[in-house]
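Dear colleague,

Here is the structure I promised to pass on. My notes follow below it.

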Amino acid sequence: MKKKVLIVGAGPSGLVAAKTLLHTYPNTFDVSIFERKDHIGGLWPVDRSDDSGMVAADMPTNLSRYTVAFSDLAWESVNVQKGEVRTSSVKLKPVPMFPKAWMVGRYLQAYTRKNIPEGVIHLGRTVRSAKKTYRNGGEMWIVGWQNAGGGQGPTMQTASGFRTDDEPHTDFFDYLIVASGFFSSPSPLNLDVLPKDEEDSRSKLDSDLDPDPSSESSSESDEDALMQDADGASGQASTAFHHALPSESPGFPGKIVHSSEFRSIDDLIPEKARQKGGNIVIVGGGMSGAEAAASVAFQISSTNYSPKSNHEFRNFKIHHIASRPFYALAPILLRCGQQTSDVSPLAPTFLPLDLTMYDYSRRTDNRETGFSVARSGLVNRVQAKGKHTYLRSLVGNDGCSSILHHRNASKDCDRPPYVAISETYSEFVRSGAILPRKGSVFDINGPLARDAAKGKTGGIVWSAPKRKPAKGRVIRNVVAIIYATGFTPHTAIDWLSRDVRSTMHCDKASRRLPLLLQRGCVFHHDVPGIGFVGFYEGPFWGVMEMQARTIARKWANSQIGASNPMTTEKKEQSAKEIREMDVLRDALVEPANDVPQYWMGDYVGLMDESAQALGLIRDESCYEDGSGNELPLVAARFTDSECNKREVTKILWSLTRTINAADNGRFVARAAFRAIQGHWNIEHTFTSTVAGLPSGTFAGTASFHPRSPTHSKYDAEYLYIENSMSTPEEGAVPPCKRLVFCYREATDKLSIWLVDGKDDLSAEDLFFDLKFEPPTDLFVNGIDDDGRQRGWIAKGDNTGGDEKCNAICEFRFRGIGLRSFGIHYDVEGLEDQYTSATWYQRGTDDDV
């Protein structure tokens with residue numbers, strides 16, 4: 001008789017659990033999936049127009065398609081337009097390296113159609129209760145659920161006889177898998193409450209406000225504001241002094257929304273408030289806070305610098321309040337082995353972030369056994385310093401990628417580093433569009449009387465270092481607040497009976513570790529009939545697949561309903577693991593200095609440790625990546641006998657091609673395009689035979705303003721604006737020009753367009769496309785005749801029309817940022833000829 005298994009949730013974890021049970025042990029399990037929504041995918045939308053969930057449909061993943069995938073379905077095999085496995089005769093547009101959220105939903109649809117038979121998934125079915133019972137001489141689960149009312153509405157297959165009533169139903173199951181997601185519902189914004197002896201400080205701070213500030217009460221410079229000292233703890237709000245923000249903060253006139261709800265600045269700022277301007281406050285560090293801040297900044301920039309712009313959001317500032325420092329990493333990083341603590345090459349090669357960070361060559365703990373050990377839990381000082389050193393090498397010691405850290409770098413290195421991943425965040429900070437601030441929020445309220453009298457109707461936000469509230473500052477004229485406080489997992493398990501949750505040491509006060517499970521977060525030895533997949537912070541797809549394999553193997557070899565007693569040794573080991581988790585939870589609830597951002601975030605270690613326990617061998621068929629380094633970890637490197645070997649091979653060869661392409665400059669155009677965002681000092685040399693265009697050397701500034709692409713074939717775009725130009729000598733200066741810079745991932749090219757003179761915003765004619773090539777093609781080992789190291793070279797030409805144009809550019813990197821770059825082009829026409837050479841730099845650059 002088959003073993004009856006219920007899986008709660010049809011997101012990635014539930015789907016891979018079902019596939020693994022059905023395929024790895026055929027004819028062993030009778031599997032059902034209950035999903036409360038009308039579609040599969042969990043947090044991932046399956047429609048590109050669906051923004052009703054907690055993830056925006058057009059949001060790109062922050063890890064590449066090699067990590068956001070299962071072991072035996074290649075993205076190249078998926079027709080993302082239809083959510084099905086593509087046929088060999090269909091030629092489709094390549095999937096981006098970082099797929100959009102709706103594409104991930106379509107990948108999951110294809111995975112489901114390929115691997116899960118009809119009748120397994122029951123959509124619109126909400127589990128209300130699950131408790132242990134005894135039946136037929138053994139333990140079973142009795143599960144209560146309700147079907148969705150008001151229509152069926154599924155987008156995937158359902159069981160025959162799908163009911164739309166709301167009557168309660170029950171059924172019995174031998175095993176239960178919790179795959180209902182860790183990020184179940186948004187956490188509220190907690191405001192820290194001032195101790196009584198600090199209230200006078202708050203009153204004095206209010207009374208000492210500068211009578212005519214532009215936006216906030218502070219005499220500090222922006223730089224001081226970015227670097228101000230604080231000893232605040234990380235993670236959850238302090239349990240000593242905090243209270244939950246009510247749904248409507250008394251007196252605050254603007255919107256207050258969770259980061260998962262934010263989609264458009266048009267919805268955030270009322271139309272009548274747009275012309276007046278004001279401050280937008282983002283509360284919360286980490287991934288969601290940086291994403292929200294960058295999204296707001298991008299939308300403001302795009303609105304202000306796009307064709308038909310009405311400049312509605314010209315007078316807004318974005319304040320990002322985070323309780324601790326963090327590094328803002330770009331999705332594209334230097335390849336492993338190219339970083340040192342002080343120096344990085346001017347012409348490095350790049351790879352997607354996960355292919356760099358999950359490279360096996362970075363590990364030193366796998367020399368003897370070939371397998372790494374997962375570094376889960378708390379992080380000691382030595383480990384923390386090592387992580388800081390590595391991250392600083394990635395960002396090139398760039399202060400605008402190292403957010404809120406001390407000028408004295410060693411001060412922060414005793415604590416585990418935090419990371420955010422964003423294409424644009426660090427450059428928005430550099431340009432002043434985002435103003436980071438270290439601290440916590442103590443108060444949100446209505447406008448000050450003196451501001452209201454001047455027509456500034458925004459409210460106030462008072463933030464301060466958590467343990468130094470007297471050093472707080474008021475942000476005035478706040479028109480909207482986005483709080484990125486993460487999610488609580490408790491609603492994903494509150495349907496489990498109280499005795500089951502109690503046995504697994506459920507703690508409502510802990511949202512980071514709600515249950516105490518054994519190492520790997522799959523089982524609890526006192527409840528052997530339940531398993532968890534993806535129930536931890538930041539679950540990786542490959543780890544979810546390993547957890548599903550662990551469950552399948554254990555239950556396939558267990559007797560239905562039997563207690564399956566553990567050996568004394570295994571029980572002692574399990575109890576030890578539970579005690580270690582209890583110690584970890586105490587540290588997470590009262591955040592200590594050794595608490596990491598993700599306590600179970602060692603992807604390589606988690607995968608290796610699981611593989612060793614399951615007896616899986618790492619695939620080395622594509623061992624050499626073209627430069628002598630071992631391939632990075634992807635799920636396809638660990639497969640079982642029932643995996644689709646053709647798909648596995650397709651994934652590994654695709655990975656190899658991607659890594660080899662990086663040696664030839666792939667991703668350099670994207671890295672350069674990302675890094676030119678923002679403001680630059682320029683030195684412009686112009687030689688002209690055209691009347692009215694003076695020759696000479698001029699100095700000035702220029703800005704690259706991000707905006708939504710105005711042509712569908714491009715993936716990213718800037719409006720380039722030169723500001724005032726000057727010359728040491730009196731005389732005419734060339735007019736300040738405008739251009740449009742575009743990037744297209746499919747060709748990995750950077751393009752420059754001339755601007756339509758009618759609106760000075762629209763792209764009109766292509767100036768040239770730039771193709772990147774290593775500096776070694778022009779200089780011996782990348783060193784010029786003067787012994788100076790050179791950056792990446794990009795060339796382009798345009799021979800159409802009456803003018804011929806040839807361009808050559810050089811991009812000199814420092815980590816993931818640019819230290820300087822130059823654009824030189826020659827234009828030759830029927831009646832004129834001129835040469836333009838412009839160097840762009842920030843700060844000083846001795847090599848220019």
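**Barrel strands and aromatic pairs**

In strand 36, Ser836 has Tyr825 standing opposite. Please keep in mind that this is a predicted model.

The strand that pairs with strand 36 (residues 833–841) is strand 35 (residues 817–828); the two run antiparallel and are joined by nine bridges. Both belong to a barrel that 10 strands close in the order 27-28-29-30-31-32-33-34-35-36, with antiparallel pairing. On average, neighbouring strands of this sheet are turned by 25° against each other, with direction ignored.

Helix 7 (residues 286–305) lies across strand 28 (696–707) and strand 29 (716–726), and runs at about 115° to strand 28.

Next, the aromatic residues. Searching the whole structure gives 36 aromatic pairs. One of them is formed by Phe704 and Tyr718, whose ring centres are 6.0 Å apart and whose planes stand at 75°, so this pair is edge-to-face. Because Phe704 lies in strand 28 and Tyr718 in strand 29, the pair ties together parts that are 14 residues apart in sequence. Phe704 is buried, as its relative accessible area is 1%. Tyr718 is buried as well, with a value of 3%.

A second pair involves Tyr714 and Trp753. Their ring centres lie 6.4 Å apart with the planes at 85°, so this pair is edge-to-face too. It links distant parts of the chain, 39 residues apart: Tyr714 is in the loop between strand 28 and strand 29, while Trp753 is in strand 31 (residues 749–755). Are these two residues buried or exposed? Tyr714 has a relative accessible area of 7% and is therefore buried. For Trp753 the relative accessible area is 15%, so Trp753 also counts as buried, the cut-off being under 20%.

Phe704 and Tyr718 are also part of a cluster linked by ring pairs.

Best regards

Technical notes:
Residues numbered from 1 in each chain as written. Predicted model: local features only at pLDDT ≥ 70, side-chain atom pairs only at ≥ 80, totals over all residues. Heavy atoms only, no water. Pairing = 2+ DSSP bridges. Helix = DSSP H or I, 4+ residues; strand = E, 2+ residues; numbered from the N terminus. Axes fitted to C-alpha atoms, helices over the stretch in contact; angles between N-to-C directions. Contact = heavy atoms within 4.5 Å. Phe/Tyr/Trp six-rings, centres within 6.5 Å; stacked < 30°, edge-to-face > 60°. Buried < 20%, exposed > 50% of the residue type's maximum accessible area, 1.4 Å probe, protein only.
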